[in-house]
Amino acid sequence: MKASGVSAGELILVHFWGEDSQKDIANRFAAAVAAQGATPVLLQQARSLNREIFSAARESCFDARYFALFSQFDAVLDVFAYQPVVLGYELEEEAMARYRRYMAQLFRRLVDCRRFTQIRIPTEANAAESGLEPEDYLHRMERAYDVDYDAIRAACQREAARFAGAARVAIRTGDACLLQLDLSGRSWLTDAGDGDLPCGEIYIAPVETASQGSVFFEDLYWEGTHYRDVTLTVTDGEISGSSCPEVARRFAAMPRAERTVCELGLGMNPHVTELCGYPLLDEKMAGTFHIAVGANTMFGGRNEAADHVDFVGRGEVEVIA
């Protein structure tokens, strides 16, 4: 709670994705908000209840007055015991369309709050979504959460200061790979507990048309597939080729916006100690960098895309004079 930035006098929405059987999690977050001197408001998104509500809802439900309520919050704690938005149940077409419109309007409001923190609870349901075995997932997540948040924030600030004002950086990987990125006009952001938990990274949106060179990954994980010893070639900001034929084919089949290099990040969490193929954890691993392709408008970029895919590697990131 302290790391998320909640402070006395704020109005905080605890937005909980889970069933009544798990509601004690939400209640404990609400109590922790109050202990910080802030006011908690709890909104539960239970799949079972949302099925009933949106099966019965009419067009007159959830009008502009409802969504206007959310403009009052200083921050949102988006806490999920299972994957958000997914209902796990098919509604009739009209009802499902209404549910999708509700979620789209709700999130447009929520992300406008000054802070929006996503908190994944280490549950078996979230383990299934990660692709890891439940025990392995729980162990990795609990370690990643069990950190000194003040120390991570200080480390993030030091690292961001090291690159502050740099217009260009280079990533050196493998034997002879060099990827250059233009950061002109873009700003570094830090995630030390007030963004996406588990936390620990600094990141920036490079100029979308300017990245050039190549980058090597000893281990490249992509949507459940593990590739070894892969080089990606970047031309005018987009992935233009790869040493791995399958990876090259996958990129070639994607629209340009989806294969555009949209992020450079540096992991800062000392309790993430090995890659496992789950991007939420891998990108936070101390001593790693990650580049991403796809959407970046939510953190200062201009590339509008339907997806955002991170690739995590090891190498040297340095300022270019």
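Predicted model: local features only at pLDDT ≥ 70, side-chain atom pairs only at ≥ 80, totals over all residues.
Q: Why is Asp-219 called buried?
A: Happy to walk through that one. Buried means under 20% relative accessible area, and Asp-219 has 14% relative accessibility, so Asp-219 counts as buried.

Q: What makes the pair Asp-219 and His-226 a polar contact?
A: The cut-off for a pair of N or O atoms is within 3.5 Å. The side chains of Asp-219 and His-226 are joined at 2.7 Å, as a polar contact.

Q: Which residues is Asp-219 in contact with, leaving aside its neighbours within four places in sequence?
A: Contact asks for heavy atoms within 4.5 Å. Asp-219 has such contacts with His-226, Tyr-227, Arg-228, Leu-275 and Val-312.

Q: Where in the fold is Asp-219 found?
A: Look in strand β10, which covers residues 212-222. The protein as a whole has 16 strands, along with nine helices.

Q: How do you know that the radius of gyration agrees with a compact globule?
A: A compact globule with 321 residues would have a value near 20 Å, and the protein has 21 Å, so the two agree. Along the principal axes, the C-alpha trace spans about 60 × 45 × 40 Å.

Q: How many of the side chains are positive and how many negative?
A: There are 31 positive and 48 negative side chains, with the centres of the two sets 4 Å apart.

Conventions. Residues numbered from 1 in each chain as written. Heavy atoms only, no water. Helix = DSSP H or I, 4+ residues; strand = E, 2+ residues; numbered from the N terminus. Buried < 20%, exposed > 50% of the residue type's maximum accessible area, 1.4 Å probe, protein only. Polar contact = N/O pair within 3.5 Å; in protein donor to acceptor, adjacent residues only side chain to side chain. Rg over C-alpha atoms; globule rule 2.2 N^0.38 Å. Lys, Arg positive; Asp, Glu negative; His and termini not counted. Charge placed at Lys NZ, Arg CZ, Asp CG, Glu CD.
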